[in-house]
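Q: Walk me through this one, please. Keep it brisk.

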Amino acid sequence: YRDRELTARYYREILGEDDETRQVCTPEICERIVEAHLKSPAMLVILPLQDWLSIDGELRAADPS
């Protein structure tokens, strides 16, 4: 299940993207998302391993399903 409206809002408000919501989350976008979480004022950030691996395009599965 994907909520396109919520994803589009995240792209606009958090990432500052004006483009339409992308169909694929590229390694560059994944890196920006991880970086945003690490720079947040939260005392604790928990990132699953797949978030770190998504940054490297060679480690990503072509078809995750």
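**Residues and salt bridges**

Q: Where is S54 found?
A: S54 is in the segment that follows α3 (49–53). Helices are DSSP runs of H or I, at least four residues, and strands are runs of E, at least two, numbered from the N terminus. This is a predicted model: local features need pLDDT of at least 70, side-chain atom pairs pLDDT 80 or more, while totals for chains, interfaces and linings use all residues. Numbering starts at 1 along each chain as its sequence is written, and side-chain values use heavy atoms, without hydrogens or water.

Q: Is S54 buried or exposed?
A: S54 counts as buried, because its relative accessibility is 16%. The cut-offs are under 20% for buried, over 50% for exposed and partly exposed in between, with a 1.4 Å probe and protein chains only.

Q: What does S54 touch?
A: Leaving out residues up to four places away in sequence, S54 touches P27, C30 and R60. Contact means heavy atoms within 4.5 Å.

Q: Back up. How many helices and strands does the chain have?
A: Three helices and zero strands. The order from the N terminus is α-α-α.

Q: And how much of the chain is buried?
A: Of its 65 residues, 17% count as buried.

Q: How many salt bridges does the whole structure have?
A: A search finds three. Each needs a Lys or Arg side-chain nitrogen within 4 Å of an Asp or Glu carboxyl oxygen.

Q: Which residue does R32 pair with?
A: R32 bridges to E17, with the closest N and O atoms 2.5 Å apart. The pair links distant parts of the chain: R32 sits in helix α2 and E17 in the loop between α1 and α2, 15 residues apart.

Q: Why is E17 called buried?
A: Because its relative accessible area is 11%. R32 has 34%, so R32 is partly exposed.

Q: What about E13 and R9?
A: Their side chains meet in a salt bridge, 3.3 Å from N to O. Both lie in helix α1, four residues apart, about one turn of the helix. E13 is exposed at 53%, and R9 is partly exposed at 44%.

Q: And E35?
A: E35 meets K39 in a salt bridge at 2.8 Å, N to O. K39 is exposed at 63%, whereas E35 is partly exposed at 36%.

Q: Last one. What is I33 in contact with, beyond its neighbours within four places in sequence?
A: Y10, L15 and C25. I33 is in helix α2 (residues 27–38). I33 counts as partly exposed, because its relative accessibility is 21%.
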